[in-house]
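Here is a short report on a single fold. It covers a sheet, the helices packed on it and the open spaces around them.

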Amino acid sequence: MKYILTLCLGLMFWAGYSQSGQNKILPREIQIKTAVLPLPDAEKAGAMVYGYNSEGKLEVFREGTNNMVCLADDPEKEGISVSCYSKALEPFMARGRELSAAGADFKEKMDTRGKEVAEGKLKMPEAPSMTYIYYGKDEDYDRSTGDLANGKFRYVIYIPFATTESTGLPDKPHAPGMPWLMDPGTHRAHIMVGPF
């Protein structure tokens, strides 16, 4: 009886580990295919791609030939969410990933990067810089092909220190799909366009 109980517990542990551990990491080619989903077709093949290695750490899976950088879906987060952004944003995005890896929460990341931008240690792009985001539910994602059904797009255009006055944009949407300015007047001011 003890043997059967031990065996059952062992199998339950193994099943839990395989679902929450290594099996969440998808093959490199699937991660790349999913990561570039937000981009227009003409930009997909040339984008630089970061993906998750067997230890769950982000690394460069593909060097790019155009000005776009894409991030694979985080296997530890619920749902599917991939994003691609202009290389001009890479210092800002890379610093955010660095701070997250060190355990910083959203506010700490925002405050630290804001301070570093103000001190001239972190450079933000001078021209508006694009970010494409595509997201959806786990149940709509095909892990064998990298395709996501019923996904939604969100577009973010970083325009540091822009204000509602300088752009004429409101600070919240008044109708679904309309552009609006989030975090106006800050280093991370950005135009949001999405299905909300």
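## Strand 5 and its partners

Strand 5 and strand 8 (residues 152-158) are joined by seven bridges and run antiparallel. Strands here are DSSP E runs of at least two residues, helices are H or I runs of at least four, and both are numbered from the N terminus. Two strands count as paired if DSSP finds at least two bridges between them. S129 has Y158 of strand 8 as its bridge partner.

The model is predicted: local features need pLDDT of at least 70, side-chain atom pairs count only at pLDDT 80 or more, and totals for chains, interfaces and linings use all residues. Residues are numbered from 1 along each chain as its sequence is written, and side-chain values use heavy atoms, with hydrogens and water left out.

Strand 4 (residues 80-86) also runs antiparallel to strand 5, with six bridges between them. Here V82 stands opposite Y134, and S81 has Y135 as its bridge partner. Six of the eight residues of strand 5 (residues 129-136) are buried, so the strand is largely enclosed by the rest of the structure. Buried means under 20% relative accessible area, exposed over 50% and partly exposed in between, with a 1.4 Å probe and protein chains only.

## The sheet and its helices

Eight strands form an open sheet with mixed pairing, in the order 2-1-3-4-5-8-10-9. Strand 2 (58-62) and strand 9 (180-182) are at the edges; each has a single partner strand, so one side of each lacks a neighbour in the sheet. Neighbouring strands are turned by 25° against each other on average, direction ignored.

Helix 4 packs on this sheet and touches strand 1, strand 2, strand 3, strand 4, strand 5 and strand 8. Its direction makes about 140° with that of strand 4. Helix 2 (residues 28-35) lies across strand 1 (48-52), strand 2, strand 3 (68-71) and strand 4, at about 85° to strand 2. Axes are lines fitted to C-alpha atoms, for helices over the stretch in contact, and angles run from 0 to 180 degrees between N-to-C directions.

## L99 in helix 4

L99 lies in helix 4. It counts as buried, at 10% relative accessibility. Beyond its neighbours within four places in sequence, L99 is in contact (heavy atoms within 4.5 Å) with A104, K109, T112 and R113.

## Pockets

The largest pocket holds about 1300 Å³ of space. A pocket is an open set of points on a 1 Å grid over the protein atoms alone, where a 1.4 Å probe fits, with protein on both sides within 12 Å along at least five of seven lines; lining residues have an atom within 4 Å of a point. Points are joined across faces, edges and corners, and a volume is the space filled by probe spheres set on them.

This pocket is lined by 42 residues, with L71, K77, R97, S100 and K109 nearest its centre. Helix 4 gives the most to the lining, six residues.

The second largest pocket has a volume of about 300 Å³. Its lining has 16 residues, and K24, D73, P75, I80 and R143 are the closest to its centre.
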